[in-house]
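My entries follow in the order I made them.

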Amino acid sequence: MNAQAAGVALLRVAAVLLAALGVGLVLAVFSAGAQQPDEAAGLSTVQTAVLFFGPIAAVLTLAFIVVLALTRPASLAIPGRRRAARVTCWAYAALGVLAAVLLRTLSWALLLSLATTACAIVGWTFLRRDEEPPDRPTRR
């Protein structure tokens, strides 16, 4: 496996981890609302899960699909796409740090956030490497 393939794989892992974090938040809040003895408070919590965290999870899942399309080998061959993949790595690293700060009280969410950040940064490192040395003109 070359460095570019490893970077692409880590970027995809970061994207799926962040999507899993969003879905996990929906399920956790929904479960908390369903377990409340007060029906009105429970319904309010379930509505929060569906109406607030649901769209966030949907956007993160769609972003994962975009990352899959961006990191296809045919797409990376297009000039500028490799740079876009590196910028996407930094975006996922920033989102991972933001999620870690906001969700630091939930241990599972903190672990997923930190794993997202680590995968994105290491993926950026691999995508940054040049596979072939630049062509240098030879003197004759």
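**Entry 1: Thr117**

I began with Thr117, which lies in helix H5. Helices here are DSSP runs of H or I with at least four residues, strands are E runs of at least two, and both are numbered from the N terminus. This is a predicted model: I take local features only at pLDDT of at least 70 and side-chain atom pairs only at pLDDT 80 or more, while totals for chains, interfaces and linings use all residues. Residues are numbered from 1 along each chain as its sequence is written, and side-chain values use heavy atoms, with hydrogens and water left out.

Is Thr117 buried or exposed? I find Thr117 buried, because its relative accessible area is 11% (buried is under 20%, exposed over 50%, partly exposed in between, with a 1.4 Å probe and protein chains only). Not counting residues up to four places away in sequence, Thr117 touches Ala93, Gly96 and Val97 (contact means heavy atoms within 4.5 Å).

**Entry 2: Trp124 and Cys89**

I stayed on H5, residues 107-128, and went to Trp124. Which residues does Trp124 contact, leaving aside its neighbours within four places in sequence? I list Arg86, Cys89 and Trp90. I also checked Ile65: its C-alpha atom is 19 Å from that of Trp124, and the two are 59 residues apart along the chain.

Cys89 was my next stop, in helix H4. Cys89 has a relative accessible area of 1%, so I log it as buried. Neighbours within four places aside, Cys89 is in contact with Leu11, Ala120, Gly123, Trp124 and Leu127. Cys89 and Ala14 are 75 residues apart in sequence, yet I read 8.3 Å from C-alpha to C-alpha.

**Entry 3: helix pairs**

I took H1 against H4 first. Their axes come within 10 Å and cross at roughly 35°. Axes are lines fitted to C-alpha atoms, for helices over the stretch in contact, and angles run from 0 to 180 degrees between N-to-C directions. The crossing of H1 and H4 is left-handed (the near helix is turned anticlockwise from the far one by less than a right angle; clockwise would be right-handed). From H1, the contact is made by Gln4, Leu11, Ala14, Ala15, Leu18 and Leu21. From H4, I note Arg82, Ala85, Thr88, Cys89, Tyr92, Leu95 and Ala99. By class, this contact has 10 nonpolar, 2 polar and 1 charged. Ala, Val, Leu, Ile, Met, Phe, Trp, Tyr, Cys and Pro count as nonpolar, Asp, Glu, Lys and Arg as charged, and the others, Gly among them, as polar.

Next I paired H1 (residues 3-34) with H5: the axes come within 8 Å and cross at roughly 160°. H1 and H5 are therefore roughly antiparallel (angles over 145 degrees count as such). Their crossing is left-handed. I sorted the residues of this contact into 20 nonpolar, 6 polar and no charged.

H1 and H2 pack at about 170°, with axes 8 Å apart. I therefore log H1 and H2 as roughly antiparallel too. Their contact divides into 21 nonpolar, 6 polar and 1 charged.

**Entry 4: the core**

How many residues does the largest nonpolar core have? I get 28, and those with the most contacts inside it are Leu11, Leu21, Ala85, Tyr92 and Leu103. Such a core is a set of buried Ala, Val, Leu, Ile, Met, Phe, Trp, Tyr and Cys residues joined through side-chain atoms within 4.5 Å. H1, H2 (39-70), H4 (81-102) and H5 each give two or more residues to this core. H1 gives the most, with 11 residues.

Not counting residues up to four places away in sequence, Leu103 touches Leu21, Leu25, Ala109 and Leu110.

How values were computed:
Parallel < 35°, antiparallel > 145°, perpendicular 65-115°, else oblique.
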